[in-house]
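Please keep the sequence and the 3D view open while reading.

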Amino acid sequence: MVFDCKMIINKLSIEGNKLNLSASISCPFDMDVTSPKAKIVFECGSKTRRLPFLVTNYFRQKQSDSCIVVCTYTFLIDKIFYNYDSVSDIRARIDFYYGENEVEKVPFTVSTNVLNENPNLELEEKYIEYECFNGVTVFDSEEDYDASKRESADSYTFSFDCENSNIILSKIPQARQEISFAQRSRIIVPVVRFVFFVVRIILAVLLLPYFAADGFFAALDILPKRQTKQIDGLGKNIFVQIKINLSSFMKTSFKKATFINNVRKPIFAVCRLYYKILSKKDIVPNRIAFMSGRRDELGGNPQFVYDLIKDKEDIDFQFLLFSDPSGHNKIKNIRRFLRLYATSKIVIIDDYFRLLNIVDKREGVKLFQLWHACGAFKTFGFTRLGKKGGPKQTDPNHRMYDYAIVSSQEIAKHYAEGFGLSDECIAATGIPRTDIFMDSEYADRVRKQFYEKYPRLKNKKIMLFAPTFRGNGQMSAYYPTDAFHAVDMYEELAGQYAILIKLHPFCKERFEIPPQYSDVIIDLSQEDELNDLLFVTDLLVTDYSSVVFEASLLNIPMLFYAYDLYDYISSRDFYYDFESFVPGKIVFSEREMLEAITQNDFEQDKVSGFKTKFFDHLDGKSSQRVANLILENLK
């Protein structure tokens, strides 16, 4: 059955390099679909860029049993492609995802609103729509737009290619002096500010006795107070007056976030200057640098690749590895990063690496993202544009990668969107660390080592409880331990299952396990590799964790304990409709979980199709494919 889907463009205007777009998409209504999605795909030459087209309204039309999805957003045209300047037209199309239905190049008509606002547009009558729905413009922030406008002297016009469902954006080139000045000022201005900031610090230290005396006499009402709000206590009054004096003199706030930001900007400017000096040197043609801010020793995908190429004598291997969240701010790490990033032919990372945002990657260096997760489950990166905790359009995060590996071609478009990359940068090689699931000798060795360590579990079924974190990232990550009562579950199941707990590495919480249960309920959040635990798992209980992809390779029965599903959808969301996507039964309470386990109701028949959809390669040779790709680029 053909999925009938069409679109009306309600609003389209361009102000300088700001594209304001609003559209209404209509399609048959499905009550099981909770989160329809639209994407806008920009193409310019061989470059592509996918961005979410934010859904601002979604409602049902009962008379026709259809629904209307209203999408609205404002895009910065000059920020669509990363460090790519072309005079060619940019073609934009809208893709729509509704449950299991995917429509590329949604056909559209144009509302009379757009034509009235743009009288010079020429459009055939059949492409004009007289009814429309109004959307509300959504933009990251006016500050972002103003900053972008200062950096660009280009403006754009638009036209329609309705027959091919394309919006065409054409550049009107202007003088480029402003841009070159802005580029120079990116280093010069912060450095000058940094010099003055240091001078003010030195003067503030010299004047500290004066500020202290002023604060003391102001607190005693002998001199006028700078702080008019009533404060109890002489000591607190003195402290506040001194703080206000210093803040006023140094022209900065002493609030932690503001102060750190004011200090960080000029320091990063100095780093960019240092990096430019380092970039005058030749790139070391045989150097491969491994970098990670999530581990102190090499591991995960980079480890599998390194093991295949480490014996090659003609390669200069370098490493920058740390797990401390504050490691990105340490001078020794920043210095080493700048040196390696400026001189290495190949740089390999396995997660978001914040230091990459300080400088622009020089030409000739190839950056590989060996992302730690499989498949495409919960949204990340630029897919969260416009949502709380999501990035801004102007953020450089992830966009500098030359290659990012994925497990299948099916999910390549989602990673291109999340990373802000062109489609050509996504390589469906398979994920190196999944090779172990096709290695029977490795599986036997892991099982043997596990039962030697935990002999009491040898004759028990094992339930692995492995949820993902809540929160916006590493600094705010948590899991509510009162959501899962391990002791009660063990008793209700009459000891049939031992329970292993494996929280996300970002979570600091730990379950309190009474001593009498310590042999059968074990929190391994700080121990053992999650993938290794799957080899002894009889039942996986998770929620929104990407561990489901690895578990599918071993055909493990799964339960999805999604007690906060709709909150999670509204804050984080998924690439696919959760309830039709997951390879197992969804339960919303511990009682439902218990019933499903006692009845062996896991809906395991979903696993096989899930596995073939998200893995193109099941041959155990993904590490070799990635290694070959790296060595080809090294040459």
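**Sheet and cavities**

Isoleucine 9 stands opposite alanine 23 in β2. The model is predicted, so local features need pLDDT of at least 70 and side-chain atom pairs count only at pLDDT 80 or more, while totals for chains, interfaces and linings use all residues. Residues are numbered from 1 along each chain as its sequence is written, and side-chain values use heavy atoms, without hydrogens and water.

**Sheet**

- Strands β1 (residues 6-15) and β2 (residues 18-28) pair in the antiparallel sense over nine bridges; strands are DSSP runs of E, at least two residues, numbered from the N terminus, and pairing takes at least two DSSP bridges.
- Six strands form an open sheet with mixed pairing, in the order β5-β6-β2-β1-β9-β10.
- β5 (55-61) and β10 (128-129) are at the edges with a single partner strand each, so one side of each has no neighbour in the sheet.

**Cavities**

- The structure holds two cavities of 30 Å³ or more; a cavity is a set of points on a 1 Å grid over the protein atoms alone where a 1.4 Å probe fits but cannot get out, and lining residues have an atom within 4 Å of a point.
- Volume is the space filled by probe spheres set on the points, which are joined across faces, edges and corners.
- The largest cavity holds about 70 Å³, and its lining includes Ser35, Lys37 and Tyr575.
- β7 (90-98) and β8 (101-103) each supply at least two residues of that lining.
- The second largest cavity has a volume of about 40 Å³, and strand β13 (residues 284-292) gives the largest share of its lining, three residues.

Definitions and conventions:
Helices (H or I, at least four residues) and strands (E, at least two) are DSSP runs, numbered from the N terminus. On a 1 Å grid over the protein atoms alone, a cavity is a set of points where a 1.4 Å probe fits but cannot get out, and a pocket is an open set with protein on both sides within 12 Å along at least five of seven lines; lining residues have an atom within 4 Å of a point.
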